[in-house]
Amino acid sequence: MKILALGAHPDDIEIFMFGTMAAYAAQGAELVFAIATDGAKGGKGDPEPLARARREEAAVAADLLGATPHFLDFPDGALVADAALIAALKTLIGDVKPDLAITHAPNDYHGDHRALSDGVRIAASFAVPVLHADTLGGTGFSPTHYVDISGHFDRKAMAIRAHQSQDPERFVDAARTQNAFRAGQCNGAAGSFAEAFRFEPVFPFADIRALLPPAPAIRPVTVSTKTVK
């Protein structure tokens, strides 16, 4: 299986979907990472060296899973779902020929995320189903699918920490909280983690469950065994 993960900025794949990418890697899937913008506005100071540093950080994180990174190098903070972006995405999808594309939710917090989501949806057309990753903080997001990343969260944290230019511990902490909550929605055991996704069926793609790594195991809800006297 070949999976195409698309993030607007150099650390987005790591924050929003890296645990699932690690689960795919454990299954032997081929991973391709695409970063839409150069990340030049993700900090203070000269944007050119920052963009170079963020590109290197993204390459280090991708290498943790043996993923192939592609850099589209659109300007950070100015991404729009215009003809240029859609053409670049169509070319990428045509070259990669993925079984599944995963990108940002259309209602995520950042304008670049929303633009990339719209662009991927249009570019994918009949070529590949598109799965949307959780929003930042889960705001306004109603999952349809979950992936168990309990055995992969440490690697996800390592990947986020590869982005040293971004003060990464804040994102590690946020991901830990959100992924623990998503596991809790599935009645996961203490210490378990899950990433959440949403799939909107679009003909001819009606059901993508077979394309995803395992969901959290179902645990029965038990009644208390304590006797009240």
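Reader: In which helix is Ser117 found?

Author: This is a predicted model. Ser117 sits in helix H4, residues 111-124.

Reader: Is Ser117 buried or exposed?

Author: Buried means under 20% relative accessible area. Ser117 has 1% relative accessibility, so Ser117 counts as buried.

Reader: Which residues is Ser117 in contact with, leaving aside neighbours within four places in sequence?

Author: Thr103, His104, Ala105, Pro106 and His132.

Reader: Which backbone atom lies 2.9 Å from a polar atom of the Ser117 side chain?

Author: The backbone oxygen of His104. His104 is also one of the contacts of Ser117.

Reader: Now the empty space. What shows where it is left?

Author: A probe the size of a water molecule is rolled over the atoms, and this shows where space stays empty.

Reader: How many cavities of 30 Å³ or more does the count give here?

Author: The count gives 1 cavity of 30 Å³ or more. The largest cavity holds about 130 Å³ of space.

Reader: Which elements give two or more residues to the lining of the largest cavity?

Author: Helix H1 (12-26), helix H6 (169-185) and strand E7 (194-198). H6 gives the largest share, 6 residues.

Reader: Which lining residues lie nearest the centre of the largest cavity?

Author: Ile15, Phe16, Ala175, Gln178 and Asn179, out of 16 lining residues.

Reader: How many residues of that lining are nonpolar, polar and charged?

Author: The lining of the largest cavity has 8 nonpolar, 4 polar and 4 charged residues.

Conventions
Residues are numbered from 1 along each chain as its sequence is written. This is a predicted model: local features need pLDDT of at least 70, side-chain atom pairs count only at pLDDT 80 or more; totals for chains, interfaces and linings use all residues. Side-chain values use heavy atoms; hydrogens and water are left out. On a 1 Å grid over the protein atoms alone, a cavity is a set of points where a 1.4 Å probe fits but cannot get out, and a pocket is an open set with protein on both sides within 12 Å along at least five of seven lines; lining residues have an atom within 4 Å of a point. Grid points are joined across faces, edges and corners, and a volume is the space filled by probe spheres set on the points. Helices (H or I, at least four residues) and strands (E, at least two) are DSSP runs, numbered from the N terminus. Ala, Val, Leu, Ile, Met, Phe, Trp, Tyr, Cys and Pro count as nonpolar, Asp, Glu, Lys and Arg as charged, and the others, Gly among them, as polar. Buried means under 20% relative accessible area, exposed over 50%, partly exposed in between (1.4 Å probe, protein chains only). A polar contact is a pair of N or O atoms within 3.5 Å; within protein, one must be able to donate a hydrogen and the other to accept it, and residues adjacent in sequence count only if both atoms are side-chain atoms. Contact means heavy atoms within 4.5 Å.
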